[in-house]
Amino acid sequence: SRAPLIVGIVAFLAVLLVFGWVTDAPAYMGHEPETCNNCHVMDSQYESWFYASHEQWAECADCHIPHDNFIAYYFYKGKSGMKDVYSFTTGSYPVAIRANEETQKIVQKNCIRCHEDTVESIVMTAQPFDRNCWDCHRDVAHGERGGSLNSYHDTEVYKK
């Protein structure tokens, strides 16, 4: 009889729907910075961005996710999100969260993508282009303290 198989599939789908509803999974397909800050380990990164100059111009995904195409965008978003879920669930995230090499390349490419007119004259010169934008512009994306481990204030509510 196929009844156990059908019951199993229905039960699996029900569990998946409940999981999606409880975790607000659809929010992770969006690009709201508050979603990135759902894990308390991202508090200082969120807060430093919130008080920095890019807060009014760019959100987390604008810098940290590739914008080559739709597939690359959501593939990396899913891959990065699953890594974050695993790290948060197992407690294996580092104390000082820093962008890995792959993310640094993505951020650099996105800096150039958004500021193409400005950097065109820089990248077209004879000088070697072996530095990242944030090597000089350290305080732009996450404020003068960068991804500080200490927050500006002790709160989970960010209001302007």
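Buried means under 20% relative accessible area, exposed means over 50%, and partly exposed is in between, with a 1.4 Å probe and protein chains only. Keep that in mind, as I use it throughout.

This is a predicted model, where local features need pLDDT of at least 70, side-chain atom pairs count only at pLDDT 80 or more, and totals for chains, interfaces and linings use all residues. Residues are numbered from 1 along each chain as its sequence is written, and side-chain values use heavy atoms, with hydrogens and water left out.

Aromatics to begin. A pair of aromatic rings is described by the distance of the centres and the angle of the planes. Rings of Phe, Tyr and Trp (its six-membered ring) pair if their centres lie within 6.5 Å; under 30 degrees between planes is stacked, over 60 is edge-to-face, and the rest are tilted. The whole structure has 7 aromatic pairs. One of them is F70 with Y74, a tilted pair at 5.1 Å centre to centre and 55 degrees between the planes. Why are F70 and Y74 separated by about one helical turn? Because they sit 4 residues apart in helix α5, residues 70–90. Helices here are DSSP runs (H or I, at least four residues), numbered from the N terminus. F70 is exposed, at 63% relative accessibility. Y74 is partly exposed, at 29%. Y74 also pairs with Y73, edge-to-face, at 4.9 Å and 70 degrees. Y73 is buried, at 13%. Elsewhere, Y46, W49, F50 and Y51 form one aromatic cluster.

Now the core. A nonpolar core is a set of buried Ala, Val, Leu, Ile, Met, Phe, Trp, Tyr and Cys residues joined through side-chain atoms within 4.5 Å. Which residues make up the largest nonpolar core? A61, I65, Y73, Y76 and I106, 5 residues in all. Contact means heavy atoms within 4.5 Å. Not counting residues up to four places away in sequence, I65 touches Y73, Y76, K77, I106 and N110.

S87 lies in helix α5 and is buried, with a relative accessible area of 14%. Leaving aside neighbours within four places in sequence, S87 contacts S92 and Y93. T35 is in helix α2, residues 33–36. T35 is buried too, at 13%. With residues up to four places away excluded, T35 touches A27 and Y28.

On to salt bridges. A salt bridge is a side-chain nitrogen of Lys or Arg within 4 Å of a carboxyl oxygen of Asp or Glu. How many does a search of the whole structure find? It finds 3 salt bridges. K109 bridges to D68, with the closest N and O atoms 2.8 Å apart. That pair links distant parts of the chain: K109 is in helix α6 (residues 101–114), D68 is in the loop between α4 (60–64) and α5, and they are 41 residues apart. K109 is partly exposed, at 48%. D68 is partly exposed, at 48%.

K79 and E102 form another salt bridge, 3.1 Å from N to O. K79 lies in helix α5 and E102 in helix α6, so the pair ties together parts that are 23 residues apart in sequence. K79 is partly exposed, at 39%, and E102 is partly exposed, at 36%.

K105 and E101 also meet in a salt bridge, 3.6 Å from N to O. Both lie in helix α6, 4 residues apart, about one turn. K105 is exposed, at 56%, and E101 is exposed, at 58%.

Methods: Helices (H or I, at least four residues) and strands (E, at least two) are DSSP runs, numbered from the N terminus.
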